[in-house]
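Hi,

Here is the model we talked about handing over. Have a look at it first, and my notes follow below.

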Amino acid sequence: MEIIKFMKLDLRKILQQYKLLVLLAIVASVVTVAGDMGNWGLLYMGFAGLIMATAPLFADKATERGFYNLLPAHDGSRTRGRFLAGTVFVGITSLIGLVIAVVCNMIQGRPQQNVIEGFLYVWAAGVIFNSIQYVILSLMKSKNPQILGLVRIIPGFIMFFGGSYLQSLSDEADQNVLIALTEVIEYVINHLMLCAWMLMGSALVLTVILTEIAVRKER
């Protein structure tokens, strides 16, 4: 219960950016429809959620830290709640991206191809990158704004451009050019749902491991 309470506190901090979240959702929708870009909005919202999820780590003020420390809780509850909040928020933005993808596909008359699998991939990738961000920011001694900013945005760009590249490979696969792809990519394309759930499970396991690393550092 303590972890859930801290999660809610951090989620409230992140959701204070709701105006930005609405704006990004509108931009994703307009660009997807205008550019006839299929599931691009899903990937874009995953990227946006990954950056926005770090808000609690940058919003900590001395007064807030004092308030948090006064709350009755076991060691590590705050950190575990923070990682859980990031996981949930990335899931929220990925779900918004899923809705955008479905609606845009309907408007464009495109088939709803691999949207559920895409949602799971984006959420899982977001969870992995978000957890890596959190543990790096927790362990970093340097408070240089430029370095912190890079840690905040680089994972998002890796996820966005990497996802765009993989989507292009998938598009090529639909055009019967699987022979040009590696066996691994062939397997993933032919078992999208299975691989999506495997990635999601791996993401959650990694998050637990990184959370405990951050908790030990906190002690």
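A word on burial before anything else: I call a residue buried under 20% relative accessible area, exposed over 50% and partly exposed in between, with a 1.4 Å probe and protein chains only. Please keep in mind that this is a predicted model, so local features need pLDDT of at least 70, side-chain atom pairs count only at pLDDT 80 or more, and totals for chains, interfaces and linings use all residues. Residues are numbered from 1 along each chain as its sequence is written, and side-chain values use heavy atoms, with hydrogens and water left out.

The overall picture: the chain has 10 helices and zero strands, where helices (H or I, at least four residues) and strands (E, at least two) are DSSP runs numbered from the N terminus. Of its 219 residues, 42% count as buried. Take contact to mean heavy atoms within 4.5 Å. Among the chain's contacts between residues at least 6 apart in sequence, 80% join residues at least 24 apart. The accessible surface (Shrake-Rupley method, 1.4 Å probe; for residues, only the protein chains shown count as cover) comes to about 11900 Å², and 69% of that belongs to carbon and sulfur atoms.

Now the rings. A pair of aromatic rings is described by the distance of the centres and the angle of the planes. The rule is that rings of Phe, Tyr and Trp (its six-membered ring) pair if their centres lie within 6.5 Å; planes under 30 degrees apart count as stacked, over 60 as edge-to-face and the rest as tilted. The structure holds three such pairs. One of them is Y44 with F47, a tilted pair at 6.3 Å centre to centre and 50° between the planes. These two sit three residues apart in helix α3 (residues 40–52), so about one helical turn separates them. Y44 is buried at 15% relative accessible area, and F47 is buried at 13%.

F119 and W123 make another tilted pair, with ring centres 5.7 Å apart and planes at 40°. Both belong to helix α7 (residues 115–139), four residues apart, or about one turn of the helix. Here F119 is buried, at 12%, whereas W123 is partly exposed, at 25%.

Which residues does S77 touch beyond its neighbours within four places in sequence? They are E2, I3 and F6. S77 is in helix α6 (residues 77–108) and is buried, with a relative accessible area of 5%. Its side chain also makes a polar contact with the side chain of E2, at 3.0 Å. (That term means a pair of N or O atoms within 3.5 Å; within protein, one must be able to donate a hydrogen and the other to accept it, and residues adjacent in sequence count only if both atoms are side-chain atoms.)

T207, in helix α10 (residues 192–218), is buried too, at 7% relative accessibility. Leaving aside neighbours within four places in sequence, T207 is in contact with F83, T87, V127 and S131.

Last, the surface: L20, L23, V27, V31 and M37 make a nonpolar patch of about 360 Å². Patches are made of residues with over 30% relative accessible area and no salt bridge; like charges are joined within 9 Å, nonpolar side chains (Val, Leu, Ile, Met, Phe, Trp, Tyr) within 5 Å. A salt bridge is a side-chain nitrogen of Lys or Arg within 4 Å of a carboxyl oxygen of Asp or Glu. V27 is in helix α2 (residues 18–34) and is partly exposed, at 33%.

Cheers
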